[in-house]
Amino acid sequence: MSIADENTVVGELVGCDDLYFAKVTEDTLANYITDKPIYLAPIGEVKHDPKVNSDSSAYDNKQMFTYYSEAGTDTLSVSGLTEKLKAYITGKSSDPVTGRVLDSGDLSNVPYFAVGYRISIGNGNYIYRWFLKGTFEIGSEDAKSKADKVTAKGIDLTYTPVTTVHQFDIPDPMDSAKTIKSSLKKVSDDTTNPLFTDASTWFDRVQTPDTHGPLPELAVTVVPEANATSVAVAAKPVLTFSNAISDYSGVALISDGAVVACTAALDSTKKVLTLTPAAALTAGKQYSIIIAAVQDVYGQTLATTVSNFTVATA
């Protein structure tokens, strides 16, 4: 479909809702990973200001080149946030025992978050957005004493999007038949697009060129495979998960009811876990890989699994 075929008439911006956020836990050339999105707060207004800047250069007595850059912010007017949540999104300390927020005024540890929301464009249609990385600032908080009229005010959050370090494979804007690698700032779509089928799952996870649709089920494959025999004494069990893992503290290697000393190492994708025994396995003995309390970055927990194998006899 060419852009000439995109002749759908859409309505005006008439509402906003579904404000979600997710902490960016890794943004490197190798990976872009976030936590599972969480509903942030009821939202009353969105102001998106892209702040596009341009600069032209003149040669031969005429403007010959123009260069563009984009910064911009989103102002998110919300009903209110707890003190602990405000501390979380701005990198402040909170006492785990009392719950009190302890603000040192230090802004050097402001964390990055992805932010998503939807905007109504009338006739039952919506724009869906995810900004992949940015920081929050808390705006002024004004409260007035009650009088004849009650003045209720919410809070303005200033969200400043930035581009990711991670580079995604995306279509070349000059030739969609080709693919380029590029850092990204935003992923968006709207329901007038007949190809858009992700409305019901848009906020299940942060949407990127690599992710769409419902959350993938957490699963694992194990090497040596279940009930394998003649396994080498130098074997290092490998667990490959379908999703990036955030917790694998319940994984263990067992023999004769005792835990076998191992070093567990997760690879850069956070999907492959290798167990390296401290000593060679015992010939002819049976071992059990216990896979318990494993959780992925979306908060899904894998059902406890036990996989047995037997080492080859000498």
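In what order do the four strands of the open sheet run, and is their pairing parallel or antiparallel?

**View 1. An open sheet of four strands.** The order is β16-β18-β23-β22, and the pairing is antiparallel. Strands are DSSP runs of E with at least two residues, numbered from the N terminus. Two strands pair if DSSP finds at least two bridges between them. β16 and β22 (262-266) are the edge strands, each pairing on one side only. On average, neighbouring strands of this sheet are turned by 15° against each other, direction ignored. Here axes are lines fitted to C-alpha atoms, and angles run from 0 to 180 degrees between N-to-C directions. β16 and β18 (residues 238-241) are joined in the antiparallel sense by four bridges. V222 stands opposite L239 in β18.

The model is predicted: local features need pLDDT of at least 70, side-chain atom pairs count only at pLDDT 80 or more, and totals for chains, interfaces and linings use all residues. Residues are numbered from 1 along each chain as its sequence is written, and side-chain values use heavy atoms, with hydrogens and water left out.

**View 2. T208 in its loop.** T208 sits in the loop between β15 (186-190) and β16 (220-223). T208 counts as buried because its relative accessibility is 8%. Buried means under 20% relative accessible area, exposed over 50%, and partly exposed in between (1.4 Å probe, protein chains only). A polar atom of the T208 side chain lies 3.0 Å from the backbone nitrogen of D210. Leaving out residues up to four places away in sequence, T208 touches Y32, L132, F168 and V187. Contact means heavy atoms within 4.5 Å.

**View 3. Helix α1 and its packing.** Helices are DSSP runs of H or I with at least four residues. In α1 (residues 83-90), the buried residues are L85, K86, A87, I89 and T90. They pack against several strands, including β1 (15-27), β10 (113-120), β11 (126-138) and β12 (155-161). Just after α1, G91 takes a positive phi of about 80°.

**View 4. Nonpolar cores.** A nonpolar core is a set of buried Ala, Val, Leu, Ile, Met, Phe, Trp, Tyr and Cys residues joined through side-chain atoms within 4.5 Å. The largest has 22 residues, of which L40, L76, F136 and L157 touch the most other members. β1, β4 (43-49), β7 (73-78), α1, β10, β11 and β12 each supply at least two residues of this core. β10 gives the most, with four residues. A second, separate core has 21 residues, among them V222, L253, L281 and I291.

Notes:
Polar contact = N/O pair within 3.5 Å; in protein donor to acceptor, adjacent residues only side chain to side chain.
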